[in-house]
Structures are given as C-alpha cells and as structure tokens.
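The sequence and structure are shown first.

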Amino acid sequence: MSINTIIFDLDGTLLNTLGDLHVSFNYALKICGYKERSFEEVRSFVGNGIKKAFERAVGEFCEETALDELVEVFKWYYTNHMYEVTAPYDGIMEMLKTLKEKNFAMAVVSNKYDAAVKELCRKYFKDYITTAIGESEEIRKKPSSDGIIKALGELGKGFDDVIYAGDSEVDIQTAANANIPCISVLWGFKDEEFLKKNGGKIFVKKPADIIKIVEKK
C-alpha cells in the first residue's frame with residue numbers, strides 16, 4: 001500500500017475550534033432558555049454534528065422543533081464568531097506545506113455544517129486544501145463514508161491509496177466504514193485511552209508524525 005492521499009477531520013484535528021464552539025453553543029442554549037454548559041461538557045458533546053450535540057445537552061427527548069431552533073441560533077452566531085480564538089494547532093501549517101511539497105492530495109471531511117467547513121478551510125488552508133466537505137442534506141454525517149466517497153471523487157483518487165486522520169471515535173468508525181486506515185491524533189478533543197477503547201490503532205502526538213506514517217505506508 002502506497003499512500004498518496006490524506007483526508008483530515010477539521011475540528012480537533014487541523015483546527016482548535018473548541019473555544020468558539022463553546023461560546024456559540026452556550027449562546028444558543030441561553031437564547032433558547034436552556035442551561036449553559038461547561039467547556040468540558042461541550043467537548044464531550046461534539047463530534048456527531050451540532051444537532052446531536054444539542055440533543056446530548058438538553059436531553060434526547062427534546063422536541064425536534066426545539067432542537068432545530070437551537071441549531072439555527074447556533075449557526076447564526078457561530079458564522080459571525082468562528083474566528084475569535086480558533087487557530088490551527090501547532091505544527092499543522094508546517095505539516096500541510098511539507099505534504100503539498102511531497103505531492104500528497106489532501107481534503108477535509110467534517111461533521112460541522114458544510115458552509116462553515118468550506119469557509120474555515122478557505123481562511124486557514126486555501127493554499128493546501130480545496131476539497132472541503134461538511135454536513136449537508138446530500139451527505140450523511142460521519143460515521144457514514146459518504147463524505148470520504150465525495151472527497152475522493154473530487155480529488156480523482158481511489159480507496160487503495162488513502163488514509164484518514166481524525167481525533168475522535170467517529171473518525172475511527174468513518175475510516176472503518178470506508179475500509180481505509182485511520183490515524184488518531186492526540187492533540188484533539190479525545191484522549192488516547194478513549195480512542196483505544198473505540199478501536200484506534202495508529203496514534204500521533206504531533207503533526208509531523210503524520211508525515212512519517214504516510215511515507216512508510
């Protein structure tokens with residue numbers, strides 16, 4: 001197996017977005033009359049799309065219309081405040097530059113809503129990543145492999161030469177559903193013990209380690 005394509009998760013993998021997510025999440029909760037949540041609680045809620053995160057925050061029996069309202073308020077606020085403290089993790093830009101110089105194809109597949117994924121990638125990674133796919137009506141959320149299939153189609157690449165990199169159990173499951181290997185990064189939203197319990201097999205402690213792994217594959 002020779003890797004020439006890397007698909008990345010976004011939040012917790014390339015970008016540290018948790019600060020802005022936390023503020024925006026609590027804004028929506030407050031506006032809609034719900035209890036605000038701690039930083040660590042929001043960290044535990046995210047990963048399966050923002051609607052699922054709100055369901056975890058306010059209870060699984062919350063009415064659909066109430067969840068939809070929370071999502072809409074969140075999206076409105078987050079769209080206007082997603083750059084306050086968000087930034088690439090240390091070493092990410094250097095890693096992407098090196099991968100591009102080595103002619104690796106790269107894409108992002110995220111469970112964040114599609115407009116935000118595309119905008120964040122344009123702002124931070126436009127020189128390296130042009131294929132960016134988020135949650136939409138056309139693409140089922142991870143762990144579905146829909147996003148990976150679409151990304152590979154846009155890149156003109158196949159399943160035999162690709163690896164996925166993410167920070168959560170959802171990313172591990174997504175890669176498994178696409179029958180491709182997964183790199184679990186340890187600087188994101190979930191820790192190593194949790195990831196191991198959820199099937200993680202390849203771990204990296206810093207972005208430069210990803211380069212070493214894909215060059216060995």
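## Packing of H3 and H4

H3 passes H4 in a right-handed crossing; a crossing is right-handed if the near helix is turned clockwise from the far one, and left-handed if it is turned anticlockwise by less than a right angle. The model is predicted, with pLDDT of at least 70 required for local features and 80 or more for side-chain atom pairs, while totals for chains, interfaces and linings use all residues. Residues are numbered from 1 along each chain as its sequence is written, and side-chain values use heavy atoms, leaving out hydrogens and water.

Helices (H or I, at least four residues) and strands (E, at least two) are DSSP runs numbered from the N terminus. The axes of H3 (residues 50–58) and H4 (residues 64–81) come within 9 Å and cross at roughly 120 degrees. Axes are lines fitted to C-alpha atoms, for helices over the stretch in contact, and angles run from 0 to 180 degrees between N-to-C directions. H3 and H4 are therefore oblique to each other, the class left after roughly parallel (under 35 degrees), roughly antiparallel (over 145) and roughly perpendicular (65 to 115).

On the H3 side, Ile50, Lys51, Phe54, Glu55 and Val58 meet Glu64, Leu67, Asp68, Leu70, Val71 and Phe74 of H4, where contact means heavy atoms within 4.5 Å. The residues of this contact comprise seven nonpolar, no polar and four charged. Ala, Val, Leu, Ile, Met, Phe, Trp, Tyr, Cys and Pro count as nonpolar, Asp, Glu, Lys and Arg as charged, and the others, Gly among them, as polar.

## Packing of H1 and H3

H1 and H3 pack at about 60 degrees, with their axes 12 Å apart. That makes H1 oblique to H3. Their crossing is right-handed. Phe25, Ala28 and Leu29 of H1 contact Ile50, Ala53, Phe54, Ala57 and Val58 of H3; these residues divide into eight nonpolar, no polar and no charged.

## Aromatic pairs

Rings of Phe, Tyr and Trp (its six-membered ring) pair if their centres lie within 6.5 Å; planes under 30 degrees apart are stacked, over 60 edge-to-face and the rest tilted. The count comes to ten aromatic pairs. Tyr27 and Trp76 have ring centres 6.2 Å apart and planes at 35 degrees, so the pair is tilted. Tyr27 lies in H1 (residues 18–31) and Trp76 in H4, 49 residues apart.

Tyr78 and Tyr113 form an edge-to-face pair, 6.4 Å centre to centre with 70 degrees between the planes. Tyr78 and Tyr113 are both buried, meaning under 20% relative accessible area, with exposed over 50% and partly exposed in between (1.4 Å probe, protein chains only). Phe25, Phe45, Phe54, Phe74, Tyr78 and Tyr113 form one aromatic cluster.
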